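Have a look at it first.

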Amino acid sequence: MALFLDTARIEVKAGKGGDGAVAFRREKYVPDGGPAGGDGGKGGSVIFKVDEGMSTLMDFRYNRIFRGKPGEKGMNKSMHGRGAEDLIVRVPQGTTVKDNETGDVLVDLIDKGQEFVVAKGGRGGRGNIRFATPRNPAPEVAENGEPGEDKILLLELRVLADVGLVGFPSVGKSTLLSVVSNARPKIGAYHFTTITPNIGMVQVGYGDSFVMADMPGLIQGAHSGAGLGIQFLRHIERTRVLLHVLDMSDLEAEERDAYSDYKTINDELESYNLRLMERPQIIVANKMDMPGAAERLAEFKEKLAADLADGQEMPEIFEVSGLTKTGLQGLLARTSELLAQTPEFLLYDESELADEAAYYGFEEEEKPFQVSREDDGGWRLSGEKIEKLFIMTNFDHDESVMKFARQMRAMGVDETLRSMGARDGDYVRIRKFEFEFVD
């Protein structure tokens, strides 16, 4: 079985837009040449696309940086640069994309062929043909291309399975999966045999089939991160029907019994995500071939019946043995029926998605710049908006520099510096560029 990689941290950087050109028409028989610098092309975006053929995030362990191509520069004769092609990055179905710094969910990629732009390419800079006015018919002004978005992302893969086997370690989940499906998980007589979900295709009769996942064993406190709990519970969220596997062999040596196991696991599911308790759940009384299993099952049913609320129906219980393969056909048939009645659900409902998703560009607008004092008495300008203007300014041309100065003045930079005590001759820095403040 392929190694299953649950999470991956990667960097995506979209392509920079092409620089605009400063050029003029100097053709014979054209008396008034005028500006003829074309715009730069758009930078390539980075797009995630669901690939059904992928089942792990293994590819992202060895390739962690994805860069879009830059757009072409503008040219003379008013020719625009060519836009770069977008970079398509294929991800497995069930991948959740988060901002690594904030933890905000950007998108949940669960639909076949679904695409999402994770880093938008920069727009091309405008050539001097765009800045011609009656007052200045031959401007030597052009913009550099806009930088592409640069993000650190956290990818989480949650298993997409119809049916999930849940329960304490060593209750026989892996054995059950191995006898009802084509999966061949490693099985051992000790706790935490399974550390990653195993998936198998189960055939029921001649036509029906479904995907079953053996979820790694849960322990008390899993919802708060005990053991590897959060990673395990994350996968259970994707399933539509839960088979709660209980060990009906003698557990006295471990000071546990089937009913306490049942309560503990359900409490963990409920504490992690209340909606998990809405999933149809079948109780699977496993290891019924062991001596005394029938008596222990009867005792379990008594405790369960006594704990049910008034009017609450008794959960379905199937007696099986993974070792002798008894009782499995009835369990699989009933599971198939429940699947036919249970719709596919999204990981989040609409209200949760609205609260948790933080798509870039829809947050409250930040201040265009911040001013801070440097150790040597100078001033530092920072902020996404003003730094982007700086990057897009072509300092090879005086008119472009003057345009940048006017933009800063319009943003209120001069007034803010003056109010904070800046004086004539003070150094003002933005990125690696330094200039003097003139009051």
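Predicted model: local features only at pLDDT ≥ 70, side-chain atom pairs only at ≥ 80, totals over all residues.

Residues are numbered from 1 along each chain as its sequence is written, and side-chain values use heavy atoms, with hydrogens and water left out.

Let's start with the rings. Searching the whole structure turns up 10 aromatic pairs, where rings of Phe, Tyr and Trp (its six-membered ring) pair if their centres lie within 6.5 Å; planes under 30 degrees apart are stacked, over 60 edge-to-face, the rest tilted. Two of the pairs involve Phe395:

| Pair | Centre to centre | Angle between planes | Type |
|---|---|---|---|
| Phe390 and Phe395 | 5.3 Å | 50 degrees | tilted |
| Phe395 and Phe404 | 5.9 Å | 75 degrees | edge-to-face |

Phe390 is buried at 13% relative accessibility, and so is Phe404 at 3%, whereas Phe395 is partly exposed at 29%. The cut-offs: buried is under 20% relative accessible area, exposed over 50%, partly exposed in between (1.4 Å probe, protein chains only).

Elsewhere, the charged end of Arg373 sits over the Trp379 ring, 4.1 Å from its centre (the rule: NZ of Lys or CZ of Arg within 6 Å of the ring centre and within 35 degrees of the ring normal).

Finally, Thr335 lies in helix H6, residues 328–341 (helices are DSSP runs of H or I, at least four residues, numbered from the N terminus). Thr335 counts as buried because its relative accessibility is 0%. Leaving aside residues up to four places away in sequence, Thr335 touches Val163, Phe210, Val241, Leu243 and Ile282, with contact meaning heavy atoms within 4.5 Å.

Definitions and conventions
Helix = DSSP H or I, 4+ residues; strand = E, 2+ residues; numbered from the N terminus.
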